[in-house]
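Please look over the sequence and the 3D structure shown here before reading on. The notes that follow are grouped by topic.

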Amino acid sequence: MFDTIQFQYSGETLACEKVKLDELAATYGTPLYVTSTQSLVDSYQSFERAFADLPHFTCYSVKANFNLNVISTLAGLGSGCDVNSGGELYRALKAGVKPEKIVFAGVGKKPEEIAYALESGVLLLKAESVSELRAIDRIAGELGKNASVAIRINPNVTAETHPYITTGDSKEKFGIDEAELAEVFDLFGTLKNLSLRGLDMHIGSQIFDTGYYVEATLKLLDIFNSAKDLGFGIEFLDIGGGFPVTYDPKKPATPIGHFAEKLIPILAPTGARIIFEPGRFLVANASVLLTRILYRKRNHTGKEFFVVDAAMTELIRPALYHSHHEILSVKRHDTTIVADVVGPVCESSDFLARHREIDAAGEGELLAVLSAGAYGAVMSSNYNGRLRPAEVLVSGSEAKLVRRRDTYEQLVQNEVF
Ligand SMILES: Cc1ncc(COP(=O)(O)O)c(C=O)c1O
């Protein structure tokens, strides 16, 4: 089943929950991100149901969609947060997430970010190198604090996904190699401002095969047992995120229950508190990117283009990962054509879909790019002098603006001229 259930046609017009998308475009303009609150609730609850039999703590990975309202909606359901920078920590705290529900990841934390995390009182700082552990110890000492840390392990598992989003392979920059762990454990004898409270991994994103999780988790458990033998009281095992969603109905994602079925029996006996960090799973199918067709054109070979007002600057996933996003016409049509959907940016990689069968909508009409909630708005940029888009959150028949569109003044506000 394709899980964009909150975006359905109401009569002839596509709607988000009970709000028609053409009305939102008329009020807020395009390009516009539209997010369904109910979809956030549904995905969070389906994740929680799947892992209900395992004592665990879900930390929404804020990098997937860091809008304050999205964070606070998920936090309101009980979620904590996984953050990857001082900026994301700031956002999570601003959205009202309690510091003791925040875990801080990142392969290159700056000293001021470490200090910010320690002063805020986050649950865990996840360290990714020996040098970082020394830095955390030093900064904690200067602040007169004891730092709760987890070690991010690189389990050397190459999950089959796009090469840019596999992170558990030893040729990647992430985590600490198993070979280095003896040195790391020794270090805790000398670094007096650290408490080792967790072990962590994150093997990548949009992973369909449960086997990679099992393989990596078993490696993590071996390390957990060695750490226990050495006298460390590890309370948390953080399995990371990466759980997949359906972008293309022809390639349905592995249901979350299948991951739970495989992971619960091996994690439950540990007695540790399990942390999950889903990002994409919770937000991808909760948003669409609404865009208007500026021009239709056909070249001498007969190839058709929809030139729309959204671009790689609003949704870079097709350009960066060749990702598939379903595209629907907001007004239903009886006929279809095969076309490229392209944006106004001066790059050939600026496309939202290539050679796609799509409703034969006309100039001035609206298209909705589905499954745009994860790694969409957060990766938007001002390249080509473009204004980052507005964002709207829908709940039933209510819609509220949750991010204003950039202005021309904002484009230059930080420049010293
Ligand atoms: C450490 C960490 N945790 C969680 C996530 C979330 O991944 P996903 O959105 O695939 O669930 C990421 C994504 O890059 C990550 O780096």
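A residue counts as buried if 20 or more other C-beta atoms lie within 10 Å of its own, as exposed if 12 or fewer do, and as partly exposed in between. S371 has 27 C-beta neighbours inside 10 Å, so S371 is buried. The model discussed here is a predicted one.

**The ligand**

- The ligand is surrounded by 17 residues, and the closest are S61, S205, G241, G279 and R280.
- Sorted by class, the shell around the ligand holds six nonpolar, seven polar and four charged residues.

- Most residues other than glycine have a negative phi, and most peptide bonds are trans.
- E17 is not a glycine, yet its phi is positive, about 50 degrees.
- E17 sits in the loop between β2 (13–16) and β3 (19–20).
- Is E17 partly exposed or buried? E17 has 19 other C-beta atoms within 10 Å, and therefore E17 is partly exposed.
- S371 is likewise not a glycine, and its phi is positive at about 55 degrees.
- The loop that holds S371 runs between β19 (366–369) and β20 (390–395).
- The peptide bond from T30 to P31 is cis, and its omega is near -5 degrees.
- P31 belongs to the loop between α1 (21–28) and β4 (32–36).

**Helix α2**

- Helix α2 covers residues 37–50, which makes 14 residues.
- At 1.5 Å a residue, α2 should span 20 Å, and its end C-alpha atoms are 20 Å apart, so the two values agree.
- The buried residues of α2 are T37, S39, L40, S43, Y44, F47 and A50.
- These buried residues of α2 pack against several elements, among them β4, β5 (56–61), α3 (68–76) and α9 (256–267).
- Further partners of the buried residues of α2 include α10 (280–283) and β20.

**Helix α4**

- Which residues of helix α4 (residues 86–94) are buried? They are E88, L89 and A92.
- The packing partners of the buried residues of α4 are α3, β6 (80–83), β7 (102–104) and α5 (111–120).

- Strands of a sheet pair through backbone hydrogen bonds, either parallel or antiparallel.
- Three strands form an open sheet in the order β1-β2-β3, and their pairing is antiparallel.
- β1 (7–10) and β3 are the edge strands, each pairing on one side only.
- β2 and β3 run antiparallel and are joined by two bridges.
- A15 stands opposite K20 in β3.

- β7 and β8 run parallel, with two bridges between them.
- V103 has L124 of β8 as its bridge partner.
- In a regular strand the side chains alternate between the two faces of the sheet.
- In strand β8 (residues 124–127), L124 and K126 point one way while L125 and A127 point the other way, and all are buried.
- β8 is also joined to β9, in parallel, by three bridges.
- One of the bridge partners across this pair is A150 in β9, which faces K126.
- How many of the eight residues of strand β9 (residues 147–154) are buried? Eight of its eight residues are buried, and the strand is mostly covered.
- From β9, A147, V149, I151 and I153 point one way, and S148, A150, R152 and N154 point the other way.

- β15 and strand β17 (residues 336–342) run parallel and share four bridges.
- F306 has V341 in β17 as its bridge partner.
- β17 also pairs with strand β18 (residues 351–359), in the antiparallel sense and over six bridges.
- The bridge partner of A339 in β18 is R356.

- I316 is in the loop between β15 (304–308) and α11 (317–321).
- I316 has 19 C-beta neighbours inside 10 Å, so I316 counts as partly exposed.
- Although I316 and M379 are 63 residues apart in sequence, their C-alpha atoms are 6.9 Å apart in space.

Notes: Residues are numbered from 1 along each chain as its sequence is written. This is a predicted model: local features need pLDDT of at least 70, side-chain atom pairs count only at pLDDT 80 or more; totals for chains, interfaces and linings use all residues. A residue is near a molecule or strand if its C-beta atom, placed from the backbone, lies within 6 Å of it. Ala, Val, Leu, Ile, Met, Phe, Trp, Tyr, Cys and Pro count as nonpolar, Asp, Glu, Lys and Arg as charged, and the others, Gly among them, as polar. The expected span of a helix is 1.5 Å times one less than its number of residues. Two residues are in contact if their C-beta atoms, placed from the backbone, lie within 7 Å. Two strands pair if DSSP finds at least two bridges between them.
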